[in-house]
Amino acid sequence: MTLAAGKGAPREDFRFPSEERLRTDREFREVVRKGERTSTPHFNVYRDFLGGDGRKVGISVGKRAGQAVVRNRVKRVLREFYRFHKCAFPSGSRTAITVKKAPPRPGLDAVTEELLPAIRRRWGPKEGSSRCGQAISSSEP
RNA sequence: UGAGGAGGCCAGGCGGCCGUCGGUCCGCCGUAGCGACGGCGAAAGCCGUUGCGAAGGAGGACGGGAGGAAAGUCCGGGCUCCGCAGGGCAGGGUGCCGGGUAAUUCCCGGUGGGGGCGACCCCGAGGACAGUGCCACAGAAAACACACCGCCCGCCGUAGCCAUGGCGCAAGCCAUGGCGAAGGCAGGUAAGGGUGAAACGGCGAGGUAAGAGCUCACCGCGCGCCGGGCGACCGGCGCGGCACGGCAAACCCCACCCGGAGCAAGACCGAAUAGGAGGGCGACUCCGCGGCAAUCUCGCGGGGGAAGGGCGGCCCGCCCGGGGCCCUCGGGUCAAGGUCGCUCAAGGCUCGCGGCAACGCGCGCCGUAGAGAAAUGGCCGUCGCCCUGCCCUGAAAUACGGGCGGGGGACAGAACCCGGCUUACGGCCUCCUCAAAGU
RNA sequence: GCGGGCGUAAUUCAGGGGUAGAAUGCAAGCUUCCCAAGCUUGACGUCGCCGGUUCGAAUCCGGUCGCCCGCU
């Protein structure tokens, strides 16, 4: 297990390092223009498939979503959503999430409830990703 | 208790798991490179082993990570570049006085106004005899002191009235004289004149034909002198006798201040301060040298200078000016790249001294986020706070007690850095004022 | 980060200290057999909001909110 940490991503990976992010405007444009699309009341999700091992996610929150505090909060919640549900983002894919309108209560539960079924419905549950978003908040007293 | 005023403080705490940004350290892998030894070779060098090993890679440990407003970008500075000669104009800003500061439109302390019963609060508060302009409607008149209405004196004098006389039987008529509404003429006057935001000092008394600072007291205003204060200004005395309406957040005048842009500044690395095609523009003149018969022509060097260009608002002025300049078209690389700037700051806190204070000085301690699709978060538990529902005890829980449950936790996110201002917003504490009631 | 502009009737805009206006639209009437056009009326307004200057503010000054541009 410790050896596996070298190259291939381990199963229990809840990290979100900067290599897994879309970092340039060009990448965003490619994904948004060429990728497939689905949407929910508050978000648009674009995705294309390049193959390979890597997997990239980008989050874009425009000014329409609200002031800086609101935008930051939405971005953080979406990052957490990715960390806990990486199985919904298969390797070789690039995904861009944009925010149309800020959710009124941007809690992790509400965002998951809105986004996860939409992604599953659009791209389908990939094989072997059935056990995925298990609770991480196990802190029994 | 209620209604207010001033000042200060905090920005939920603790724990667990997962994550993120950058820092320090630890070993691990290991490239370039450097060294040692050995081998080959004539030499340059090559090969092998081994040591160190920048950068880089994957990982671990430790400790750090938003605000009072980080916001608006309204001021002021630091810093950086623009080629800072110099002068002027334009433009912008400020505007009681003194102080503080790197600086300010900020802060502190005063002065003078204004508001409030009060604690206290607010004020863009220079100049309207430098000039120009505006003051709608109403009103006699709106800035010049007059005209208008009115009031008063005088004169003329109509209607009318009175007196005397005459005529007449009477009603009445006539004459003379006096008074004389209205009216006219010539003056006096500015008290009064539905208005208006504002009316040529106010109010009272005297005075007068009527009136008037005409005179007087008080108040206001102006001027002078004296005293106090660094000063704004204040106080006193005297004089003048009202002349001097308001608006400068109207133009403007006066005094003082301001070069422009901004970390997307700017520097370095790397590519490339590169280079191609076409077109257009670009007075001249003087001096020296060379070949020469030669002052023309040619070549070289230098000076002046027009057009043009530069000096990041404009002008003078300065600089460039056969060196180039301008326009059009097209090709290549590709980068919205990396590194630095980048966080120690006119920094914060304690104490002492000076100062009414803002603040300054000295000693000591602490040293505090640095991203770049952009970190500082998510979930859970618990405590504390607020709101709310139900239940218990109880005479009563709408007695401020106890228990169980649900919900909430403001305004808001650093982007070069500071000092202010303004705006948004939850709570706590202290002092003070007023009112009512009680002691 | 820096710089600039605009908020006035339902709509598009004037007005830059003295009663808030025009065009289109809306409603009513006239005209017509009916409609359109035309003509005559009418309703239309917190002048984005809050303060200040002034006798008086849509206008001048400050603050604030919203919207739209430009600069690498």
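The entries below go from the sheet to the helices.

**Ground rules.** I'm looking at a predicted model, where local features need pLDDT of at least 70 and side-chain atom pairs count only at pLDDT 80 or more, while totals for chains, interfaces and linings use all residues. Residues are numbered from 1 along each chain as its sequence is written, and chains are lettered from A and ligands numbered from 1 in the order in which they are written.

**The sheet.** I looked up the strand order first. There are 4 strands in an open sheet, ordered β1-β2-β4-β3, with mixed pairing. Strands here are DSSP runs of E with at least two residues, helices are runs of H or I with at least four, and both are numbered from the N terminus. Two strands count as paired if DSSP finds at least two bridges between them. β1 (36–39) and β3 (56–61) are the edge strands; each has a single partner, so one side of each is left without a neighbour in the sheet.

**Pair by pair.** A reminder to myself: strands of a sheet pair through backbone hydrogen bonds, either parallel or antiparallel.
- β1 and β2 run antiparallel and are joined by 4 bridges; they form a hairpin with 3 residues between them. I found Ser39 bridged to Asn44 in β2.
- β2 and β4 are antiparallel too, over 7 bridges. Phe49 stands opposite Ser93 in β4.
- β3 and β4 (residues 93–99) pair in the parallel sense over 6 bridges. Val61 has Val99 of β4 as its bridge partner.

**Helices over the sheet.** Which strands does α2 lie across? I got β3 and β4, with α2 running at about 160° to β3. Angles run from 0 to 180 degrees between N-to-C directions, and axes are lines fitted to C-alpha atoms, for helices over the stretch in contact. α3 lies across β1 and β2 (43–49), at about 40° to β2.

**Helix on helix.** Last, I looked at how α2 (residues 68–84) meets α3 (residues 108–123). Their axes come within 10 Å and cross at roughly 65°. The crossing is right-handed, meaning the near helix is turned clockwise from the far one by less than a right angle. From α2, the contact uses Val77, Leu78, Glu80 and Phe81; from α3, Leu108, Val111, Thr112 and Leu115. Contact means C-beta atoms, placed from the backbone, within 7 Å. I sorted these residues into 6 nonpolar, 1 polar and 1 charged. For that tally, Ala, Val, Leu, Ile, Met, Phe, Trp, Tyr, Cys and Pro are nonpolar, Asp, Glu, Lys and Arg charged, and the others, Gly among them, polar.

Conventions. Contact = placed C-beta atoms within 7 Å.
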